[in-house]
Every structure is written in C-alpha cells, then in structure tokens.
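Subject: Structure handover

Hello,

Here is the structure for your files. My notes on surface, cavities and charged pairs follow below it.

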Amino acid sequence: MSGWSELLSAALLGTSRAPDQGDDAAADLLDRAAAWAGYRRAGAVLATGSQPPAAAEAESLPVVAAAAAGRLALLLEESGSGATRFLDAATRESMVDEWLATARARGRLVPPELLPALLDYGLPRRDLREAIAAAGGVRAQWLAQHNPQWTYLGGIADGSTVDNPELWATGTHAQRLGYLATARRTGPALARALLEAEWPALTAEERPGLLAILREGLGPDDEALLERALDDRRREVRLEAQRLLAGLDSSAYNARAAARALAVLAPVGASLTVTPPAECDKAMRRDGIAPKPPTGMGERAWWLEEVLANAPLWTWPSPSPEELLGRSVDEDWAATVYRGLARAAATRRDPDWAAATLDRLGDAPRDRELRAALYPVLAPANLVDRATRALAGGAAAEWGLLLSHCPTPWPPELARAVLSGVWTLAQQPKLSGELYHLCRLAALRLPVGTAGEARALAERAAADPTARTTALESLADVLSLRLDLNREIS
Amino acid sequence: VPDDLPRWSADQVLALAPDPSSQKAGRGLGTAAPWREAGCAADPASLWGFCQGSGANPYQTVVDLSEPAYRCSCPSRKFPCKHAIGLMLLWSGGSVPPAPPPEWVREWLESRTGRKEKAQERAARAADPATAAATLARRTGRVDGGVAELQRWLTDQLRQGLAGTARAGYGHWDSMAARLVDAQAPGLASAVRRLALSAASPERLLAELGLIWLLTRAYQRIDELPEDVAATVRSRIGFPVATEEVLAGPRLRDEWAVVGQRDEADERLTVRRVWLRGVGSGRSALVLSFAVAGQALTADLVPGTSIEADLCFYPGRLPLRALVAQRHAEARGISRPPGSSTMEEAMREYAAALADEPWLDRWPMVLHGVVPAPAPWRLVDRSGEALPLDLVDPWRLMAAAGGAPVTVAGEWSVAGLRPLALWSADRLVRP
C-alpha cells in the first residue's frame, strides 16, 4: 500500500490523467483512501508539552445565585426583547449598572462564565468599568490578562501591572500615562519630579494627559510646575493648569484671582460697589480670563463676570453667601454679578453658594444653562426639596432637570411627590409628553419598594377611562423588573 | 387543588424553545410584570395566564404540561411561543400560584384528550405486517439503484481528480444528494451533502469520499456481513428502524448521566442530540429527537442531571443511539459525570469505537482534570497532553475554568472537541 501523501497526489490529479492505470484505478484508490482514513483517525496523536495558563487565585466572595446570573445574562444580550417599551438600550444599561452596584453592595460576584460578555459590554461604556472590576472579582482581572481587548480592567483596580520603570523610559504614550498614574498614587512627589524632569522634552500631544495625572494627590508642592504650565503654548495644557491651580486653595493663582475680584466687587458697608475692569491685560489672560465677550454682551460686563467666576469663594469675607448676596448692588450690574458668582459656585462645587446664587438667576437662556450646572452641586436635601416643590408647581422643564440630578434611589418624600405628580399628569390628556418624561425618569430612579404603589396607580388608571395608562404601565413594569433584580441578588 | 405539581428547572423550560431568539424573548417574559391571573393546576398538569403585549388585549396563554402542549392567542407561529416559555419560566421560579383552571383553560384541555385518543387509533392501523414488508421491498430496490449510481459518481470524482472539485460549489454535492434522497437513502444523502464542508481540504475530502465508498461496498455485500455490522450499514444508509422494534430489544438499566446536548437545525428540521453516560456501565448513549422548524424539541433529558432508567439501543456493531424505555426515578442533579481520567484513555476509547464503526463522525468524550487554554484553543491535562477545541468563542469556557482543572464533556470529530458542558466546582456551565 502506498503512503497517504502519494494517494492524495494521485487523487488530486485524477486517475484518468495518470498513465498505466486500469479501469479500476479509481475504485482501488477509494478502497485505499477508506483504509487510510480509518487508520489516520484512530491513530491521531495528542499534542504534548502544552502549558496551561496559570490558575486564577481563589475569590474571597461568593458568586450570585442562578436567578440573578440569568437576569444579568439577559441584560447583557444585544437585542433583548422588550416586555415593556421603556426597556431600551439606555434602560438596560442602567439596569446593568444597578445589578453590578447591588452585587457589589451585597458582596456577591458575577459568575465567571458571564465575564467575557460583561467585559465586552464594558468596552464602549467607561462609566461601568469600575463596577465591572468590583463585581468581576479576581477572575475578571485574570481573564483580562489573557485578552488584550479587556486590559482596560487592569488600569482600574490593579496598578501593579504597570509598575515598571522601563515603561516610563521607552513605553508608548498610553503606557507612560499608566506608569505615571500608578507612580502618582504610590508617591506623589516622585511622580511630579519625574514629570518635571521630562517636561521640556514632552511633545504638545503628551503634555495635557500627563499633566492631568497631577489631579490625584494635588498639593502645594505641585504649584511651581503648574505655574510654568500656565505659559504653555498649548491651550489644553493651560486650561488644565488653571483648573489644578484653582483647586489649590493657597495658590498664588487663587490669591491673584481674589485680589482682582475684590477690586471689581467691593463690599462697602451694607452694599456692594461694582467697578467693572477697564481692560483685560496679559496677566488676566494668563490666569484664564477670556478677553472676548459672547455676542450681544459688552466687554466690561463680560470681564466683570469672568473675574468673579474665576475667583475662589473664600474671597468674600461675609458670614454667609446669603448675607453677601442680600446686600444692595447697582441694578445695572446685578445680573452680571450674580451670574459670575453662580459660575464660581458651579466650577468650585460649593453647595451653599450654589443654593444662594440659584434663586437670584433670571430667565435668560444663559441663566437656565447655569441653573442646570448648579443643580448637581446642591446638597442632596436641598435638591430633593426643590424637586418636590417644582413638581407641585408643575414646571416640567424645571423638575426634569432637578429630578435627573437628585441622588438615587430617591428618598421617600421625593418618591411620594413623584408618584402623586404622575397621577396628576395621567389625568391631563394634554400633558402626555410630560407624563411620559416623568415616568421614564422615575422608572430607573424610584426606590424599588415603590413597585407595588406604581402597579396600583397603573391599575387605577386602567380603570379610569379619562386617565392615560401606557406610560404608567411601563413605569410599573420597569419597577417590578428592578424589584426582581434586587431580590434575586443574594 | 393539590399544589404539589413538580416544577421544572429553568434550563428544562428553555430547552423547549424552538430557537435562541424565542429563548431570549421568553426569558424577557419570565417575570411577574406582564402577567395577570396566572395559575397552575396539578390535574391535568397545566399553567395559564394573561400576558400584556403591545396590543390592547392581553394574550391568553395555556400550557398542558403532560406533553407538553401549548396554546396562545398571539399570532406567533412558533411552538411554544415566547409567552408560553415566559409563563413556564415564571412557574419554574415559583411565581405561579395553584388555582382552579378557569373555563377557557378547561375547554382546551378537554378537547386535547379527545384528539389524543384518535391519534392512537390511527397509529394502530399503520402497523400491519404485510403492508410493512411490501414497503421495505420497494425501498430496498430504490436504495440498490441509488447506491450503484453513487459508486459511479464517486469513481468519476477520482477519475477527474479532486483538484477541480475543491472549487465546486454546494450545487455539485447537492444534486447527487438530491438523487440519493429520491432513492430513499437519506443517510447517504446527508453524507454526500456534508462533503461540501470538507471540500476546502483535499485531505479531508479524500478521507470522506473513501468512507462513503466503503459504505457502498459494505452495502453491496450486506448479506455476508455479521448481523450487527449489517445493522450499522443499514442505519448509515438510512433505513429506518421502528421504535417498537428498538423497544422490544434488550434493556440496559443504569444511572444515566446527561452530559451534553446540541441542536443542529437546517431549513426544515431541527435535530437534538443528547449524550448520556452510564454511571455503572461506563457506556455512552445518544438520544436523538427531531422537530420541524419552529416546533419544540423534547426536553426531558437535562444536562447536569442523571436518571435511573432502562435504555434500548438501536441495533448495530457499536450501539450508541438509544431510546429511553422506562424511567425508574425522577432526574436528580449530579456534580460530576463519569468520564475518562486522561486524554490518552479517551483517545483509546475513540480508536476502539472507530474499529467497530469506521463511519463514526462524532464521539462523546467526558474528560476530567483538563484546563482550557488559549491560542491555539485547546484542552490541556496534567501530563501536558492537549486536544484541539472546535469552538468559535471559547472565552466562556476559559473564564469558567479560570486556569484550574475542570471536567469537560463534548463531541469529538475530525475538527476537534466541541465542548457541550463544563463542570467547575460542582456547577454545570454551558460553553
């Protein structure tokens, strides 16, 4: 019997083309091929000398029960069927987030076989990554080491993978970023020294990202480098330096801004004297004052607003924001002054100043934008209180913004106000858009304990011929799903 | 109303779904939110409920658990539809309370009992021996003709050479396969149709052609072959074996572990292969079920459980396909199925099986102490020996094992091992 490879060449060529072959050559070839096929299959030899991957370390937390695992698998699937019209991609994403947060809070882990799907899900969703890392346990880290696509996980919870000085010297930009971020976490001064030494040699593309690493562990010792960065050619670098210096209470940058602010707005007796800047000089521009006003606004008014917005709130030697804002001020400049201070409250995230300036803003488009920026800064209780009042007042634009910023799950008094707001809207056919909007907001933010009440409302609406029902039912459905989700994770 | 209706597991319910999209849709509905007035009863074993869909009126869904059979007022042509699956999942999770069946449910259940009796009468009439013998003689004549034609076709392929065939499209194989279907040799027909999958590799193509050739040669001298080999040849050609005949044969009682399940669908038919392994006997068994596209497959054998049962094997040199003749106890969960302790042992078993049945295209393996490893994807055992994996996305497998030795059950073929189940820390994971 000739060998398999000779047989194969003969078969490829065809017996009709080979010389000195009889009529039975094809049949003979097939006979031999059958024998060889059996021989080769039965005699298949195993590969040897394979090294399996190193085993993942044991988890310290248990995995969730089967029902919870099934729920997560369903949420992660691309095109889950909508049992309810609110269950679109955004809602599902929020429920994945809730699932992960609940699992984390209860000390439970995602079952390992779901990790590949979850890690893929996290690829385009940066907001979820930290939660994924927490609920993924040791196994997720282990898995990420084997798939380059999932290495994003490495940077979140485990800096040890980038603890390699070689990377700072010769790595790619991303690796240098990773190295410096890790170094900053373990030794802020050393990381700054590394950056300072390298600063003149860095390209314009590298500087903004590397400078931003100083946000973590920011301290007075960083000021010299940041002052240097204020003169950078690249705008992103200057902006980052301004942001960081503003965050250092004792910085010279803040002192300069405070002095400028006191020169334009001076508390004199029981009133505020306004002296808008006469010019926007080089030093002001260096500290981030924009020289060019938006269209329709005078230069001096704009500089006034900018100077106030730029100043730290400790500039104002007043017992409280309320007291300062309560003082009389020149009517022509009042709106500009409040706006400037409101902007300072928003960028410096000061809840008291945010609350005080909010009520003094007007109704111009820029004031509305500013209000939206102040809501997230408010103390939670203040925010909830305002949302509750806005719902009672019925201004949809206002409660929409407020509700979307209220801490979740909503506290009981807000939940009550929202459910009663839902019922009021359900009875007003003209306000179906508002009803839909409110139900959608509420579906993902109400505490799951209200699922029963929401179902009761939906049933009450179904029994009432004048009430609208679809949005209420969807609200009740999503809440029951969330209730199931919460009960399952154990 | 008795409330001791034994509940099915969610896996068991999902296995009833006609396709993955119904599974997905059903799981979406397996939650209390869309259901109203759901109830279940033990006698007859049934579930029912109203499911609120996108329309104004809720759908009425009812499931007869004894078969199971389904009815739903939704327009879906799938059986079971997503509503029936959702309802069963809800019940499986314990969220359907016992209740007396309402009128509309009772009516349907009663109409079904009537139909079942009529079907049994029809089956009895078809089993007349004289009719059966005539049918077989007619069939044998056709198959003889088909086999002769196939032999001419095979030698033609070799005469012309395989170099050109490698580029032939599906039509090349399908026209021969269609002629074999007409000749009532469906086994040969599907073997020829599957050649298209090997066509890209001349090595595989030549091996497959040789094995089909061997089958035709064996068929021509079937009268000289030992009875068991002849039975194997007949079944590979595609002669049917009556269920009653199989059930009349010897029974093998054992605790049978369900080690894997795989569905394969073409445009007309879905085939479900369920692999069993005897805890006491160490024997492997294959239980097949079929369903017309869109209809449900049986789901009474659930991977990760075992049943104490009598099996009847189809005749053949290597008895593998079997029917469950009688169950002696309810299925129970198993934490680790019986299997081969090393890969070498598994390969030896495979070689022995091939010696009995050269046309064996899939062979079940249950491997203990193996680690899934990436790039190239393979299973590695503690001696460093490795088997290639035949899986598009093995990450689930890799994640579930975490680099630690696990038990993997799967189907071995020339393409490698297709994992069907993995046991890690006493938990079954489907790849």
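In this predicted model, L269(B), F290(B) and V292(B) make up a nonpolar surface patch with about 260 Å² of accessible area together. A patch takes residues with over 30% relative accessible area and no salt bridge, joining like charges within 9 Å and nonpolar side chains (Val, Leu, Ile, Met, Phe, Trp, Tyr) within 5 Å. Areas are Shrake-Rupley values with a 1.4 Å probe, and for residues only the protein chains shown count as cover. L269(B) belongs to strand β6 (residues 269-278) of chain B; strands (E, at least two residues) and helices (H or I, at least four) are DSSP runs numbered from the N terminus.

This is a predicted model, in which local features need pLDDT of at least 70 and side-chain atom pairs pLDDT 80 or more, while totals for chains, interfaces and linings use all residues. Residues are numbered from 1 along each chain as its sequence is written, chains are lettered from A and ligands numbered from 1 in the order in which they are written, and side-chain values use heavy atoms, without hydrogens and water.

There are two cavities of 30 Å³ or more. A cavity is a set of points on a 1 Å grid over the protein atoms alone where a 1.4 Å probe fits but cannot get out, and lining residues have an atom within 4 Å of a point. Points are joined across faces, edges and corners, and the volume is the space filled by probe spheres set on them. The second largest cavity holds about 30 Å³. Its lining includes W275(B) and L420(B), and β11(B) gives the largest share, three residues. Seven lining residues are nonpolar, two polar and none charged (nonpolar: Ala, Val, Leu, Ile, Met, Phe, Trp, Tyr, Cys and Pro; charged: Asp, Glu, Lys and Arg; polar: the others, Gly among them).

Over all chains, 60 salt bridges were found, each a side-chain nitrogen of Lys or Arg within 4 Å of a carboxyl oxygen of Asp or Glu. D287(A) and R256(A) form one at 2.8 Å, N to O. D287(A) lies in the loop between α15 (282-286) and α16 (299-310) and R256(A) in helix α14 (residues 252-264) of chain A, so the pair ties together parts 31 residues apart in sequence. D287(A) is buried at 0% relative accessible area, whereas R256(A) is partly exposed at 28% (buried is under 20%, exposed over 50%, partly exposed in between; 1.4 Å probe, protein chains only). R343(A) and E306(A) also form a salt bridge, at 2.7 Å, N to O.

Regards

Methods:
On a 1 Å grid over the protein atoms alone, a cavity is a set of points where a 1.4 Å probe fits but cannot get out, and a pocket is an open set with protein on both sides within 12 Å along at least five of seven lines; lining residues have an atom within 4 Å of a point.
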